[in-house]
Amino acid sequence: MSSGSLNHNQSLGSRRLPMNQTLRKMFQETTLTVNDLIYPMFVMSGEQQKVEITSMPGCYRYSLDLLLAEVDQLSQLGIHAIALFPVIPEEQKDSQGTESYNPTGLIQMTVKAIKQAYPQIIVMTDVALDPFTTHGHDGLVDESGVILNDPTVEVLVKMAISHARVGTDFVAPSDMMDGRVGAIRQALDKESYINVGILAYSAKYASAYYGPFRDALDSAPKFGDKKTYQMDPSNSREALKEVQLDIAEGADIVMIKPALAYLDIISQIKTNTNLPVAAYNVSGEYAMIKAAAANGWIDEKETVLETLTSIKRAGADLILTYFAKEVALILS
């Protein structure tokens with residue numbers, strides 16, 4: 001047989017495999033399932049409140065009573081994990097973020113209610129000060145505008161412990177302060193919360209993709225930006241270093257945020273760690289797909305599935321995504 005005919009047969013073989021849907025499924029390398037998904041949710045004060053977020057069509061701020069009803073629906077769809085973010089009234093904010101560790105605060109009461117009604121749901125709680133501070137930064141700030149790392153970590157520890165006391169399964173420090181994972185782990189263990197895990201935002205970039213999320217929480221910084229403590233989008237080796245530090249300090253899951261512009265980072269981190277790797281398909285990524293679909297420029301369903309599959313293919317074991325509910329409906 002000539003080499004030419006061999007190459008021809010090889011070419012035919014590569015075309016034969018995807019000839020029909022059954023064969024395509026048999027040889028599919030990456031499969032997206034509902035078990036891969038974590039649904040971020042926004043909780044607000046009040047009763048019977050469901051307020052759509054203008055820049056995130058299809059996403060809502062819920063009062064606790066309606067959020068519980070939504071959690072019930074998520075459970076029926078097979079979504080078993082949620083990430084909670086609080087919408088804090090302006091009058092409860094201060095420069096020190098003291099409301100963040102209020103034992104009867106919004107997040108604390110929400111976690112308690114969810115775990116009482118739906119103990120099987122895995123609850124992950126954000127640990128950062130920006131929703132609670134009048135200045136909108138993730139850390140405490142001195143009079144010159146400099147972020148104070150160590151004093152911030154002390155407050156984050158109080159916040160994490162307050163979440164553990166009401167039953168959270170994972171605390172998720174998203175602030176990017178140095179040493180906060182180790183301090184939180186040490187405090188959790190000291191208080192006998194050894195089974196509370198840490199989902200560490202290990203490689204969180206100073207991204208332009210966070211705008212709609214900050215609209216949702218009214219948490220945009222009132223001055224400056226977050227580039228002094230979040231990562232430079234041009235850096236990749238730094239991400240590996242940050243992940244290694246968080247693992248050494250006791251992280252149970254490491255996360256990359258955002259996802260789409262950082263698929264290479266997800267892949268590198270997956271190659272360099274044995275821990276579960278999460279990725280956050282963030283609000284700006286969500287909003288772009290929604291806007292393009294609303295204008296008829298793309299097929300929303302196919303684009304969402306392709307996008308999330310690409311994130312999993314890059315190496316993410318878990319994906320935080322506002323599309324989780326839609327995808328669960330599609331897959332069911």
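**Salt bridges, up close**

Mentor: Let's start with Arg 180, which counts as buried, with a relative accessibility of 2%. Keep in mind that we're looking at a predicted model. The partner of Arg 180 is Asp 175, and their side chains meet in a salt bridge at 3.2 Å, N to O. Asp 175 is buried too, at 0% relative accessibility. Elsewhere, salt bridges with shared partners join Asp 130, Asp 138 and Lys 226 into one network.

The general idea is simple: side chains of opposite charge can pair when their charged atoms come close. Here the count comes to 14 salt bridges, and another one of them pairs Lys 312 with Asp 36, whose closest N and O atoms are 3.0 Å apart. Lys 312 sits in helix H11 (residues 300–314), while Asp 36 is in the loop between helix H2 (21–26) and strand E1 (37–44), so this pair ties together parts that are 276 residues apart in sequence. Asp 36, with 9%, is buried.

Lys 115 belongs to helix H4 (residues 106–117) and Asp 169 to the loop between H5 and strand E8 (170–173), so to speak a link between distant parts of the chain, 54 residues apart. Both Lys 115 and Asp 169 are buried.

While you're around H5, check Ser 162, which is found in that helix (residues 149–165). Ser 162 counts as buried at 6% relative accessibility. Leaving out residues up to four places away in sequence, Ser 162 touches Ser 100, Tyr 101 and Gln 108.

Now back to H11, and how it packs with helix H10 (residues 283–294): the angle is about 155° and the axes are 10 Å apart. That makes H10 roughly antiparallel to H11, since the cut-off for that label is over 145 degrees. The crossing of H10 past H11 is right-handed. On the H10 side the contact has Ile 289, Lys 290 and Ala 293, and these meet Glu 300, Thr 303, Val 304 and Thr 307 of H11. Sorted by type, the residues of this contact are 3 nonpolar, 2 polar and 2 charged.

How values were computed. Residues are numbered from 1 along each chain as its sequence is written. This is a predicted model: local features need pLDDT of at least 70, side-chain atom pairs count only at pLDDT 80 or more; totals for chains, interfaces and linings use all residues. Side-chain values use heavy atoms; hydrogens and water are left out. Helices (H or I, at least four residues) and strands (E, at least two) are DSSP runs, numbered from the N terminus. Buried means under 20% relative accessible area, exposed over 50%, partly exposed in between (1.4 Å probe, protein chains only). Contact means heavy atoms within 4.5 Å. A salt bridge is a side-chain nitrogen of Lys or Arg within 4 Å of a carboxyl oxygen of Asp or Glu. Axes are lines fitted to C-alpha atoms, for helices over the stretch in contact, and angles run from 0 to 180 degrees between N-to-C directions. Angles under 35 degrees count as roughly parallel, over 145 as roughly antiparallel, 65 to 115 as roughly perpendicular and the rest as oblique. A crossing is left-handed if the near helix is turned anticlockwise from the far one by less than a right angle, and right-handed if clockwise. Ala, Val, Leu, Ile, Met, Phe, Trp, Tyr, Cys and Pro count as nonpolar, Asp, Glu, Lys and Arg as charged, and the others, Gly among them, as polar.
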